[in-house]
Amino acid sequence: MNLTHYLRAPLPLLALLLCTASSTQAQSSATTALAYVPNEGSGTISVIDTSSDQLIAELPGGSKPRGIAVGVGRRWLYVSDQPRNGLQLVDLGTRALGATIALGESPEGVSISPDGRWVVAAVEGKNEIAVTDTRTNMLAFSIAVRGRNPEHAVFSPNGRLLFVSAEEGEAVDVIDFGARKQVAQVAVGARPRGIGFLPDSSRAYVATENANEVFVIDTASFAILARIKAGLRANGIAVHPSGREVYVSNGGDANVSVIDTASNQVVATIPVGQRPWNMALTPDGKKLYVANGRSNSVSVIDTAHRTKLHDIPVGKLPWGVAIR
């Protein structure tokens, strides 16, 4: 209904119509996927409405927010705060900082289990993965890994495995999450970074920053299925919900490579901002959000047309993106 119809309505009906419109708008906002961007240079979390690509909020994020996960129901953000050696909770209802969970020296990448029960953080200084129970928001247990300076710890979509990349290693540590222990180590290129899985958990894609390659790993046998040449300083990985494409951010080339998973070949390259880092897709896979660390922006990519739609200014030194 347009404004003319509202103005011609009787006052009681007008009040009802306005109330209904307001309720519909609030409901739409509640169901829209939001992108959360940790800005390690400004200590904030930028919040982007993915339906309009507008910046709608700036939240406190601790002293140096990096890894980030969004809790079920968008009740809490879980953010690694490297200088404070902890997992910073952010209350999304009050938009205020909550408790800080002590993890150990220099926590980095953070991810959440598919069922929303567990939040894991790679703890560089202790060479372990710290696991927080979201039911209590307390540290539950830790799992040691062989790799030095683990940076990312990512769940397979079925929740059974955790793949861990280490800055000072040339391998990926594989954790059986149910058994709470490491069960394999897969040799890859120098300085492994971002990790992503196909939706059926059958394959993992690992970016190696110093080798400028993406390694494809069979998650049943842990064999290397393919090595794909990427751009300079390949680091972030995002996998399309269809499983047909994998996206790799190339920090030295200021672009994103698109890999066709059927052929394991790069089929497109999309320019973005400077030092693209970690990324995330909307649940429908229509848009990819790329954190550009040196441009202080997030690039939004139309995945169907493989083109950049626009850049959204955020805080200083954005490190990654989480969407829910």
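A polar contact is a pair of N or O atoms within 3.5 Å, where within protein one atom must be able to donate a hydrogen and the other to accept it. In this predicted model, two such atoms are found where the backbone nitrogen of Arg117 lies 3.2 Å from a polar atom of the side chain of Ser113. The side chain of Ser113 also makes a polar contact with the side chain of Asp115, at 2.6 Å. Ser113 itself is located in the loop between strand E8 (107–112) and strand E9 (118–123). With a relative accessible area of 5%, Ser113 is buried, because residues under 20% are counted as such. When its neighbours within four places in sequence are left aside, Ser113 is in contact with Trp118 and Phe155.

Together E8 and E9 form a hairpin that has five residues between the strands, and in its turn Gly116 has a positive phi of about 80°. Strand E8 is mostly covered, six of its six residues being buried.

Strand E8 also takes part in the lining of the largest pocket, which has a volume of about 1,200 Å³. Of the 40 residues that line this pocket, the closest to its centre are Ser111, Ile112, Val154, Met279 and Ala280. Besides E8, the elements that give two or more residues to the lining are strand E4 (65–70), strand E12 (150–155), strand E16 (192–197), strand E20 (234–239), strand E24 (276–281) and strand E28 (322–323). The largest contribution to the lining of this pocket comes from E4, which gives five residues. By residue class, the lining of the largest pocket divides into 25 nonpolar, 13 polar and two charged residues.

Another part of the chain that is covered is strand E6 (residues 86–91), for which six of the six residues are buried, so that the strand is largely enclosed by the rest of the structure. Gly86, Gln88 and Val90 point one way from E6, whereas Leu87, Leu89 and Asp91 point the other way, and residues of both sets are buried. Strand E5 (residues 76–81) pairs with E6 in the antiparallel sense over six bridges, and within this pairing Trp76 stands opposite Asp91. The hairpin of E5 and E6 has four residues between the strands, and Asn85 takes a positive phi near 55° there. Strand E6 is also joined to strand E7 (residues 96–102), which runs antiparallel to it, by five bridges, and Thr100 in E7 is the bridge partner of Gln88. In the hairpin of E6 and E7, which likewise has four residues between the strands, a positive phi near 60° is taken by Arg95.

A further loop, between strand E15 (181–187) and E16, holds Val188. Val188 is buried, with a relative accessible area of 9%. Residues up to four places away in sequence not being counted, Val188 touches Glu170, Ala171, Val172, Thr208, Phe215, Ile217 and Ile224. The C-alpha atoms of Val188 and Val206, which are 18 residues apart along the chain, are separated by 8.3 Å.

Technical notes:
Residues are numbered from 1 along each chain as its sequence is written. This is a predicted model: local features need pLDDT of at least 70, side-chain atom pairs count only at pLDDT 80 or more; totals for chains, interfaces and linings use all residues. Side-chain values use heavy atoms; hydrogens and water are left out. Buried means under 20% relative accessible area, exposed over 50%, partly exposed in between (1.4 Å probe, protein chains only). Two strands pair if DSSP finds at least two bridges between them. Contact means heavy atoms within 4.5 Å. On a 1 Å grid over the protein atoms alone, a cavity is a set of points where a 1.4 Å probe fits but cannot get out, and a pocket is an open set with protein on both sides within 12 Å along at least five of seven lines; lining residues have an atom within 4 Å of a point. Grid points are joined across faces, edges and corners, and a volume is the space filled by probe spheres set on the points. Ala, Val, Leu, Ile, Met, Phe, Trp, Tyr, Cys and Pro count as nonpolar, Asp, Glu, Lys and Arg as charged, and the others, Gly among them, as polar.
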